[in-house]
Amino acid sequence: MDEASAVELEELENLFAKANGLLEKKDYSSSKLIANKLLVHAKQYHSSLFQARAYGLFAFISYNFNEIKKAINFFELSHETYLGLKRVDPLEIFKTRNSLGVVYKLNGELWKSMLVLKSSLELAEQYDIPNSSGYNNIAVIYSSQKKFEKALAFFKMAKKVELRNKKPDDNKINQFDSNIAKMLIGLNRLSEAETILNKTKSFFEDKNDTPSLALNYRCLAQLNFNKGDYGESEKWLLKVLSFSKQDGNNGTDVEVFIDLAKIYGLTSRMKLQEVS
C-alpha cells in the first residue's frame, strides 16, 4: 500500500539514491544511517515500496559486513513486502529473490537456495530479464554437490544467456568458460577442458586478472594431475603460490600445499619445506 504524496515520494527517492550511492562506494556505515532514515520516513508516509527498498539496502549492508543471517532476514522482509504491492517492477522482485538465493547458499541452506534461484529464473524468463548470474549460481550449487553433469549444463546456459545480451560481458563469458572447464575435468573430459583453459588463461593474462588466473591455474594443475603429468601440475600450483606471496599472504594457501603434498608424496619428492 502506497499513500505517499508526490513530494514525499521525491524525498524517499532521494534518500534511497543517496543510501544506494554510498553502498556502491562501500561506505556501509553511512549508507546504513541513510537507509534507517529512509525506512522511518517510508513507514511514516505509508510507502510499502520504499520500505521494501530500505530492507533491501539493510540486507546488502549486512551481507557486506558478513552478517549473513541478518542479510537473510532483511532480504526475506524485502521480498515479502514487494509481493504485497499491487504494482511493482518485476526486476526489483527478481533482484531480491536472486540475492536471497545467494545468501541462503552462503548459509548452507542449499535446498532453499535452489528453490529461490529457480523461482528467480522463472521470473526472468517470464519478463525477459537478463540473468546469466542466476544460472551460474545454480551451477555452483550443483558443483558443490559434485553433480558435474547438471552443473555443466547450467554453466553452459549461463554463457548462452550472457551471449544473448546486446553487449555481452567478456569477463563473465570467460569466467563461465573456466567453470565449464572445471566441470569437464570432474567428468574426466580432459582434452575439452584443456582447450578451454588455454583460451581463458590468455584472456585473464591479458587483463592481468590475478584472482581469475589463480583459479585458472588451479584447474590446469588438476587437469595435469589427472593426466599423470605431476611436473606440469606442480608448475601451475607454484604459480598460484607466487600470487599469494605477491598479495602478502606468504604463500599460505592451504589447499595448494595439500595438492603439492599429494604430488610430492606420489613422486617421492618431499619439497614442502623448500617451497615454504
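Which residue takes a positive phi just after H9?

Modeller: Before the walk, a word on the model: it is predicted, so local features need pLDDT of at least 70, side-chain atom pairs count only at pLDDT 80 or more, and totals for chains, interfaces and linings use all residues. Residues are numbered from 1 along each chain as its sequence is written, and side-chain values use heavy atoms, with hydrogens and water left out.

Your residue is Asn188, with a positive phi of about 65 degrees just after H9. Helices here are DSSP runs (H or I, at least four residues), numbered from the N terminus. H9 itself covers residues 170–186. Its 17 residues should span 24 Å at 1.5 Å a residue, and the end C-alpha atoms sit 25 Å apart, which agrees. That expected span is 1.5 Å times one less than the number of residues.

At the other end of H9, Asp169 caps the N terminus: one of its side-chain oxygens is 2.9 Å from the backbone nitrogen of Asn171.

Now along the helix. The buried residues of H9 include Ile173, Phe176, Ile180, Met183 and Leu184, and also Asn174, Asp177 and Ser178. Buried means under 20% relative accessible area, exposed means over 50%, and partly exposed is in between (1.4 Å probe, protein chains only). As for spacing, an α-helix has 3.6 residues a turn, so residues three or four places apart point the same way.

What covers those buried residues includes H7 (132–144), H8 (148–163), H10 (190–207) and H11 (210–227).

Take H8 next. From first C-alpha to last, its 16 residues reach 22 Å, close to the 22 Å expected. Ala151, Leu152, Phe154, Phe155, Ala158, Val161 and Glu162 are buried in H8, and the buried residues of H8 pack against H6 (110–127), H7 and H9.

H7 holds Ser133, which is partly exposed with a relative accessible area of 30%. Back to your Asn188: Ser133 is 55 residues from Asn188 in sequence, and their C-alpha atoms are 26 Å apart.

H6 has a serine to look at too, Ser113. Ser113 is buried, with a relative accessible area of 0%. Neighbours within four places in sequence aside, Ser113 is in contact (heavy atoms within 4.5 Å) with Gly101, Tyr104, Lys105 and Ile141.

Methods
Helix = DSSP H or I, 4+ residues; strand = E, 2+ residues; numbered from the N terminus. Polar contact = N/O pair within 3.5 Å; in protein donor to acceptor, adjacent residues only side chain to side chain.
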